[in-house]
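This report looks at how the parts of a structure meet, both between chains and within one of them. The sequence and structure come before the account.

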Amino acid sequence: MTSLVLPEFLHRVDHQRCRRCKRCVMSCGFGALQFLERVVADHAKCVGCHRCATFCPEGAITIERNPTALRYNAHWSEEHRKAIWRQAESGGMLLSAMGNDKPYPSYFDHLLLDACQVTNPSIDPLREPMELRTYLGSKPERLEFGAGPDGKPRLTVELAPQVQLETPLVFSAMSFGSISLNAQKALAMAAEKCGITMNTGEGGLHKDLYPYSRHVVIQVASGRFGVSPEYLQQGAAVEIKIGQGAKPGIGGHLPGEKVPHEISETRMVPVGTDCLSPAPHHDIYSIEDLAQLIGALKEATRYEKPVGVKIAAVHNVAAIASGIVRAGADFIFLDGFRGGTGAAPTVIRDHVGLPIELAVAAVDDRLRREGIRNRASLVVAGGIRSSADVAKAVALGADVCAIGTAALVAMGCHLCQKCYTGNCSWGIATQRSELVRRLEPDVAAERLVNLVRAWSLELKEILGALGLNAIESLRGSRERLRAVGLDQTTLDILGVKPAGR
Amino acid sequence: MTTEICAQQMDYRELNAKVRAAVAGGERELVLSQVNGQRYLGVGLTQPVKLSIHGVAGNDLAAFMDGPTLEIWGNAQDGVGNTMNSGRVVIHGSAGDVLGYGMRGGRILVRGDVGYRVGIHMKSFKRQVPTIVVGGSAGDFLGEYMAGGVLVVLNLWKEEKEPVGRWTGTGMHGGAIYLRGGSVSPDRLGREVLAAPAGEEDQPVLFPLLDDFATTFGLEAEELRRQPFQRLTPTSHRPYGNLYAY
Ligand code: SF4
Ligand code: SF4
């Protein structure tokens, strides 16, 4: 069937400057470029990933949004019309990748941080110690001390297992399968260097990552792929994945053609089988069932590791979170509706879930009111773009922020949103060896380490300006936030005053 | 030498810690008596130990287990063999729901009935082929999402009943289910399964399982081998292909 959808991008080559090196042709994972005496583009195949333009030694390439205008219609937007054409041509659900890209409000952009002036002086982080270290795990209700054998005071409360993080950041779950092994290696190397964690996602743990296992959170999801006793012994913490912000209530599906040898070994399924992660865990239909799985994982790991639960932020998130804490989770990973994914039905990605800012505020509030906030750490994710977002999320109640999309962007991702095709020109969301090879783990890890370092420095500046010397002092400190342009109900949910008050 | 642990009034954490300590101390055979619903027995054990469990084994028996042999002289509750990797579980009574969820290897033999959602998402990998044999009948959703392994339901005790509940094999995309008897009503089967009489080609898979079951529970192996079986296999290994526009 002829497609009625016009190309989204136009690929332009300045043939005067082009020196015919064909580098761009090789760069393109999507097969959009050919060399027929000169570079010829199939515009329809171009996804705007910018790999070719970035590596053109002559800077001869520009990628333009196709200016051919459809008749303006505020209701029947170009996007709606294109979606209908694509569905009429295929009969299939539209797929997307990365996070919700629709112009819903970003509450982070309506929040401003406080700073000290005159009284309560600010702190200079360049001279004064500034503590970004924090711990993932359940905290005791109170601390009790007694005298040790040497007569000196000693903590007498037994502490639950904790994961020490040098900065309040972790890398979100991205499975081997959704991203390449080189991308996972880079994340693991960077996590080790930064003293934080990466997360296997539901794809098992490749043997190459075993040396980093102290900096790896291992995931147990509904398909239980790669979950073996050996896997459970690896890892600093265990995360039960119930949901993810990009596709709440939706399972995962790695098609068989994306299960080559290495992935099959890691997921422990035969080469070429579909990996279906059912939407629910079929052994979890209630909070009691969840408690049972948490208990089983704690038994299986000898109570040596925190066991947490990842959920998508949805309408009743606060009540759900309360149940999860009561089920014995040591941390909750809360994923907002901007959270990324390797593949999701577009209709779900774009229309389901909650903004993370409201979710974290509601959850923190509820857990505090119930007196159980100490029992679990809150890891907050879903569209964290900068250190400012981190600081605001912490002030709203997060212990730690998780970054997935930001980490990929640091490695080179241009958010073309075509991860599900497996053709990522940047070697990230692909298993094609010629593409994977171009992502050098060392180089990508360095970029990640730099990003974490930069955000950590900025966080210290923010804390210093607030007159604080520890990130944990900012947690849940909503008094240090003010809102611009939000209605009263939203302010109530956020627990934040309007600017000027 | 065998260590005996009396589980009466004992919390599951204490009981499991005792088992682990005994195993770490080199014990290879344990008898647990007066078990009354304690959870997580055998969880995470990776040594080739033998546990004789007397009483009712609690939820998540043998979850994540890798190697041991458990024999339960009584019933077992829900979640037996959750994500089990290898080993053997023999249950002389009946077992509850969600038995063998995500099981990747090893064998579970149940003399009596099993509940709902048994064998969901079982999968096989290389030489690991999980197998479950049920002497009685199974509830709804048997073998849902099944991706590998073998499930056998013998329905030996109440033949007037159907061997399985509804939605058997829904979303199945690998492995095989064998049901003793001529033909199960088609309304019991998921859309993704193909039912056919088991033939000679099934014997190498089926007979060793029947023999094992017969020997374990003192039945006539020859008698079981002579019975008619129906085989359920997936119609496609890609039940959910073709749903998306790329
Ligand atoms: S490399 Fe990316 S931007 Fe360049 S032609 Fe291919 S898809 Fe388009
Ligand atoms: S990971 Fe690759 S395919 Fe996915 S959005 Fe980024 S550049 Fe595109």
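In this predicted model, M93(A) has Y244(B) as its bridge partner, a residue that lies in β12(B). The pairing to which strands of both chains contribute joins β5(A) to β12 (residues 244-245) of chain B, and the two run in the parallel sense over two bridges.

**Chain A against chain B**

The contact draws on 43 residues of chain A and 38 residues of chain B, and about 3800 Å² is buried between the two chains, with 57% of that area on carbon and sulfur atoms. On the side of chain A, H282(A), Q292(A) and E299(A) account for 18% of the area buried against chain B, more than any other three residues. E299(A) also takes part in a salt bridge, in which its side chain meets that of R20(B) at 3.0 Å, N to O. Between chain A and chain B the count is two salt bridges, while 17 residue pairs across this interface are in polar contact, with both residues at pLDDT 80 or more.

Several elements of chain A, namely α3 (78-90), β5 (93-96), α5 (229-233), α6 (261-267) and α7 (287-300), each supply at least two residues of the side that touches chain B. Of the elements of chain A, α7(A) gives the most to this side, with eight residues. Sorted by class, the residues of chain A that touch chain B comprise 22 nonpolar, 13 polar and eight charged.

**The two domains of chain A**

The domain assignment divides chain A into domain 1 (9-92) and domain 2 (134-498), and the centres of these domains, taken over C-alpha atoms, are separated by 34 Å. Their contact takes 13 residues from domain 1 of chain A and twelve residues from domain 2 of chain A.

| Domain 1 of chain A with domain 2 of chain A | Value |
|---|---|
| Buried area | about 980 Å², 54% from carbon and sulfur atoms |
| Salt bridges | zero salt bridges |
| Polar contacts | five residue pairs, both at pLDDT 80 or more |

On the side of domain 1 of chain A that touches domain 2 of chain A, α1 (23-27) and α2 (51-55) of chain A each supply at least two residues, and the largest share, three residues, comes from α2(A). By class, this side of domain 1 of chain A has six nonpolar, five polar and two charged residues.

Note on methods: Residues numbered from 1 in each chain as written. Chains lettered and ligands numbered in written order. Predicted model: local features only at pLDDT ≥ 70, side-chain atom pairs only at ≥ 80, totals over all residues. Heavy atoms only, no water. Contact = heavy atoms within 4.5 Å. Buried area = accessible area lost by both parts, 1.4 Å probe. Salt bridge = Lys/Arg side-chain N within 4 Å of Asp/Glu carboxyl O. Polar contact = N/O pair within 3.5 Å; in protein donor to acceptor, adjacent residues only side chain to side chain. Helix = DSSP H or I, 4+ residues; strand = E, 2+ residues; numbered from the N terminus. Nonpolar A, V, L, I, M, F, W, Y, C, P; charged D, E, K, R; others polar. Pairing = 2+ DSSP bridges. Domains from an automatic or database assignment.
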